[in-house]
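Welcome! Have the sequence and the 3D view open side by side, and let us work through some questions together.

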Amino acid sequence: MSYLVLARKYRPATFSEVVGQEHVTRTLGNAFAAGRVHHAFLFCGPRGCGKTTLARIVGKALNCERLTPGSAEPCGTCSACTSIGDGSAVDYQEMDGASNRGIDAIRELTEAVRYQPAVLRKKVYVIDEVHMLTTEAFNALLKTLEEPPPHVTFVLATTEPHKLPNTILSRCQRYDFKLVPASRLAQHLAAIFAREQIAIEPGALSLVVRESGGSVRDALSLCDQIISYVGAGAIAEAQVAEVLGVADRSLTRALVGALAAGRAGDALAAVEQAIERGVDEVQLARAIVRYLRDLAVLQVAPDRAGLVDASDEERAELVAEAGAIERGRVTQMFDRMLRCCDELGKTLQPRLVLDCALIDVATLEPLVPLGDLIERLGELEQRIVRGGGGGGGKPAPPPAKPVPAARAVPAPVAQPVSAPPVAQPVSAPVPVAQPVSAPIPAPVIAPSGPVPAIENAASGSGPHPIPTSEADVLREWEFVLGKLAAQNVTLAGAFEPARVMAWTPNRLELGFPAQFEANKELAETKDKLEALRGVLRAEFAQAPSILVKLIDEAAAPAARSVLEATRERSSAERSKREAEAREHPITKHVLHAFGAQIKEIKTDV
Ligand SMILES: Nc1ncnc2c1ncn2[C@@H]1O[C@H](COP(=O)(O)OP(=O)(O)O)[C@@H](O)[C@H]1O
Ligand SMILES: [Mg+2]
Ligand SMILES: [Zn+2]
């Protein structure tokens, strides 16, 4: 037995069988029942929602030999009804406007219109896709349409009524067909499957409905496809998803679940599988967005069943899930996935875009309300003002800041990170953790501005030993410069770029890289050298000869000047602070809340 496609097998034969176009069928049915029938109808609406079907019903209603008085429903069995149904009625003509666009076809039609019907009571002319006619054809049609012979009825059908000239529109009684709502369509399909005696999962049905987009014809041809794929037996949702190459709900649900729980790996694996099965990235992203939309709707209106296209079972699951995820989180995920759909439309690398979006969504930090954010920023600011957060409530005095003017000459402002910012008594072994074994005071370099009293800092202990290791040399040299800075900032500044090339009891050799020749000349002046000697005498009980020379930048890479050491330290400190800023929860929240990216981090080092 040949298989009759479902769309033909289940083409409605009466007004009441037509699904989801009640606004049209009721009006038409009433007009027919009352005998007030217009001579020209215009049926507009998307494909596959019943225009041709209803044109045939109109043809039958006009010609049925067994109409019950007061009713418009054709009997479906008389010769008029059957001949129109099987396309053999000479007086019922369906013509395709797209392939008969020209004036000749319409002339032929208007010619034929004049003759009485051969068999039926009324001649019915249906012109499908009537918007395709040429202007001349429209003009030729116009006159007949205005005053057709009493035995003729026209039905014009189109998916694009805006392309029709007003002259045509104004001569027809217009009916607008709509896409069939999902719940209605699901009912209709379920009834058909029942009559076919084929079992189908509710999820499978929903999937077909969703994919058909509200077109009954599309839904039915999808069903044909699925039936021939599955063969005998019940139809499962996964099979439908496979045939249609779409994301089924269980996949979408698994994906959204993984995303909500932050399991990016699981989400990516599910995508991988789906794509292998032939689902494309755009469909996946859309399915996720739709699912999130449903969750969001059910979170605010759990009892409004009609707002979500799903079977009762699915809806119950959705409601449970909607209750388990935080509302802000759903919206946040929705926003990001929506952006992903947008990006997918523009990219040649859909997989990359989708994967990145899923990773993003899975790793999104929970949203913080803006109010909280501002409050926390405020707290942070307070803590910074108080000084590093150690304050514990009592407001600490602001740290001494270097005077900006003193910056004209590079000044030794930085200190070793571990050392406290103020000079400390050095008399006893220093209690602060010392990085190196030698019992020497922390090499404090005073800030270049208001200098704290460190004059007598070194007094009381014995002279420093002459440093030997590179680390010691640098630290002691910094200490010396600190002393110099305490006397005069520019004094210390002159020696800052100098590398200590050698330091023995008799000789201190300072090398200035070539670009610091000016500093070298300054350092060589008598009073500068004298001041340096003074510090060495006081602190190291030493009176070495001081040799100042220019060196090749690369000559003594191990020796480092205070300037270089300071720079290195501040760049390390800057990277550290940048990393801190990047990793700070508030930064992350702000980035996620506004979908922003870090362009630049400004630190004060
Ligand atoms: N409103 C409807 N109710 C029931 N079945 C419909 C409806 N609309 C379309 N169909 C089904 O789709 C098939 C094609 O519909 P048709 O009326 O030709 O659509 P069109 O609007 O494109 O002219 C029909 O044979 C029927 O099986
Ligand atoms: Mg049609
Ligand atoms: Zn009949």
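The questions and answers below go through this predicted model step by step.

Q: Which element of the chain has the highest confidence, and which the lowest?
A: Confidence here is given as pLDDT, on a scale from 0 to 100. The chain averages 83, and 86% of the residues score at least 70. Among the elements, helix α24 (residues 585-594) has the lowest mean, 79, and the highest value, 97, belongs to strand β1 (residues 40-44).

Q: Of the contacts between residues at least 6 apart in sequence, what share joins residues at least 24 apart?
A: Two residues are in contact here if their C-beta atoms lie within 7 Å. Among contacts in the chain between residues at least 6 apart, the share that joins residues at least 24 apart is 74%.

Q: Which elements give two or more residues to the shell around ligand 1?
A: The shell around ligand 1 has 20 residues, and the closest are R11, V19, G50, T52 and T53. Domain 1 (6-176) and domain 2 (182-244) each give at least three residues to this shell. The elements that give two or more are α1 (6-9), α3 (51-63) and α10 (216-230).

Q: How do the residues of the shell around ligand 1 divide into nonpolar, polar and charged?
A: Let us sort the shell by residue type. For this count, Gly is among the polar residues. The shell divides into nine nonpolar, six polar and five charged.

Q: Is N63 buried or exposed?
A: N63 is found in helix α3. Its C-alpha atom lies 5.7 Å from that of R121, although 58 residues separate them in sequence. Beyond its neighbours within four places, N63 is in contact with A80, I84, L120, R121 and K122. Because N63 has 26 C-beta neighbours inside 10 Å, it counts as buried.

Q: Is E129 buried or exposed?
A: E129 sits in the loop between β3 (123-128) and α6 (135-146). Its phi is positive, about 45 degrees, although E129 is not a glycine. Since 20 other C-beta atoms lie within 10 Å, E129 is buried.

Q: Is Q197 buried or exposed?
A: Q197 lies in the loop between α8 (182-196) and α9 (202-212). Phi of Q197 is near 55 degrees, a positive value in a residue other than glycine. Because Q197 has 6 C-beta neighbours inside 10 Å, it counts as exposed.

Q: Which residues does A118 touch, not counting those up to four places away in sequence?
A: A118 is in the loop between α5 (103-113) and β3. With 9 C-beta neighbours inside 10 Å, A118 counts as exposed. Its C-alpha atom is 7.3 Å from that of V90, which is 28 residues away along the chain. The residues that A118 touches are V90 and D91.

Q: How far apart in space are the C-alpha atoms of R582 and I598?
A: R582 is found in helix α23 (residues 562-583), and with 12 C-beta neighbours inside 10 Å it counts as exposed. Beyond its neighbours within four places, R582 is in contact with T587 and I598. R582 and I598 are 16 residues apart in sequence, and their C-alpha atoms are separated by 8.1 Å.

Technical notes
Residues numbered from 1 in each chain as written. Chains lettered and ligands numbered in written order. Predicted model: local features only at pLDDT ≥ 70, side-chain atom pairs only at ≥ 80, totals over all residues. Near = placed C-beta within 6 Å. Helix = DSSP H or I, 4+ residues; strand = E, 2+ residues; numbered from the N terminus. Domains from an automatic or database assignment. pLDDT = per-residue confidence, 0-100.
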